[in-house]
2 protein chains.
Amino acid sequence: MESSGHKDAVAEEPLGGTKARIAEAALETLKTRGFAGSSAREIARQGNFNQALVFYHFGTVQKLLLAALDLVSDRRMHAYQPAFERASSVSELAALAREIYFEDLDNGYVTVLGEMVAGGVSDPELGREVVARLEPWIELVERKVGTLLAGSLLGSIVPPRDLAFATIALYLGIDMLSHLDGDRARAESLLDLGVRAAPLLGALLPSGRAEKP
Amino acid sequence: MESSGHKDAVAEEPLGGTKARIAEAALETLKTRGFAGSSAREIARQGNFNQALVFYHFGTVQKLLLAALDLVSDRRMHAYQPAFERASSVSELAALAREIYFEDLDNGYVTVLGEMVAGGVSDPELGREVVARLEPWIELVERKVGTLLAGSLLGSIVPPRDLAFATIALYLGIDMLSHLDGDRARAESLLDLGVRAAPLLGALLPSGRAEKP
DNA sequence: GTCTATACTTGGATAGAC
DNA sequence: GTCTATCCAAGTATAGAC
């Protein structure tokens, strides 16, 4: 058994040294060249290391790209979860969603997710892995929506699970469309609308949890 | 100038004979093998014709795939537009959306759109072409939403353009997610919710256009 | 318009030296 | 653990015979 080869699939040891460098290079390549452009050779060029190292450390290119996706998914989860859990009104959530979207857009995280989803569409095996990494986000939204809707009239009609799925689907769809035509104006406009409309939606919820000062 | 070569880019002559056969084969390949699996060779195998014909008739594989996308986009537009224009309440629209989604799902049209969007994400040039083919759908929804919202309280807050963009984005996002994990249960559940919730939304609109018998 | 043959390119992956 | 060299598969696209 080697010490950092790809066999240790038990996962989650903080990637050290070279392995981390490779994952970072893959991340950067996904951002700049897209999924289709993220070959082992291109990633190696990007990170100035030997192409063969990809296979030594990760076994396949696919596994490397998933490791890169894990990198961003974990980072984003750590960065946003606290503020998200803290938010207690629809308005705050709308504002947060808007902030997160543009922060992700600026540092390329939206790109990476979109690229990996695109890759997953054409490869069922990869697709399952990608969707598994989306699951925690759906659950996060579901929990929050659940507490917000609890006891309200809306809550008796709208299951949190559906609303959470719709939210992530919408986020992903906006990502895809903006990505396709390189135009962020429409996404901006829509997220601004969300911020404006949120207080009205909040008014339909039990006052205890509704709009705060 | 040849009679049916790919040079006549002025477009829209109804594809005849072999050219049509090739486009149909591309469509079928997109459905069964996905974007990544739709190479000139694979398409030719699917349609039992020579690989070189792809390049003679369409110039590049990309152009052929776009022609296949046009095929489904046009068919769907013709099939659904009349019923869509006729619908005059939120309830009818929700029911129609649900129907369309599952019809598309069953005959593979959702797949084709999802695959081409995925392909477009990784290739900017293709992406622009794909989004251009989505535009008519956004406009269709925008017109309908515009007439429905006109004069209502909601209409003074929600611009039709934003709502149309959100609708298509949501449709695409649901498509992508369902596609990724091969699970149609969540999409079903969400579309059912839409049908249940539609009458409530309709109640917020001017009564003249609201829920009909 | 259609076929065969082939040039050329890129990419995944491995063997084996160091 | 890293590098060089290489194999092999698959794909785009074109030339040229028919």
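## Where chain A meets chain B

Between chain B and chain A, 10 residue pairs are in polar contact, counting pairs where both residues have pLDDT 80 or more. That confidence score is there for a reason: what you're looking at is a predicted model.

Let's look at what chain B brings to this meeting. Helix 8 of chain B gives the most, with 16 residues. Sort the residues on that side of chain B by class and you get 26 nonpolar, 9 polar and 8 charged.

Now for the whole interface. The contact takes 43 residues from chain A and 43 residues from chain B. The size of an interface is often given as the accessible area that is lost when the parts come together. Here, the area buried between chain B and chain A is about 3,500 Å², and carbon and sulfur atoms give 74% of it. On the chain B side, Phe165(B), Leu180(B) and Arg186(B) lose the most area to chain A, and together they make up 22% of what that side buries.

Charged side chains pair up here too. The rule finds 2 salt bridges across the interface of chain B and chain A.

Over all chains, the count of salt bridges comes to 28. For a pair within one chain, look at Arg133(A) and Glu129(A), whose side chains meet in a salt bridge at 3.0 Å, N to O. Where do these two sit relative to each other? Both belong to helix 7 (residues 124-149) of chain A, and because they are 4 residues apart there, about one helical turn separates them.

Finally, let's see how two helices pack inside chain B. Two packed helices are described by the angle between their axes and the distance between the axes. For helix 1 (residues 17-33) and helix 4 (residues 61-86) of chain B, the angle is about 85 degrees and the axes are 8 Å apart. Helix 1 and helix 4 of chain B are therefore roughly perpendicular to each other. Helix 1 of chain B makes the contact through residues including Ile22(B), Leu27(B) and Leu30(B), while helix 4 of chain B uses, among them, Leu64(B), Leu71(B) and Arg75(B). The residues of this contact between helix 1 and helix 4 of chain B divide into 10 nonpolar, no polar and 2 charged.

How values were computed. Residues are numbered from 1 along each chain as its sequence is written. Chains are lettered from A and ligands numbered from 1 in the order in which they are written. This is a predicted model: local features need pLDDT of at least 70, side-chain atom pairs count only at pLDDT 80 or more; totals for chains, interfaces and linings use all residues. Side-chain values use heavy atoms; hydrogens and water are left out. Contact means heavy atoms within 4.5 Å. Buried area is the accessible area (1.4 Å probe) that two parts lose on being put together, summed over both. A salt bridge is a side-chain nitrogen of Lys or Arg within 4 Å of a carboxyl oxygen of Asp or Glu. A polar contact is a pair of N or O atoms within 3.5 Å; within protein, one must be able to donate a hydrogen and the other to accept it, and residues adjacent in sequence count only if both atoms are side-chain atoms. Ala, Val, Leu, Ile, Met, Phe, Trp, Tyr, Cys and Pro count as nonpolar, Asp, Glu, Lys and Arg as charged, and the others, Gly among them, as polar. Axes are lines fitted to C-alpha atoms, for helices over the stretch in contact, and angles run from 0 to 180 degrees between N-to-C directions. Angles under 35 degrees count as roughly parallel, over 145 as roughly antiparallel, 65 to 115 as roughly perpendicular and the rest as oblique.
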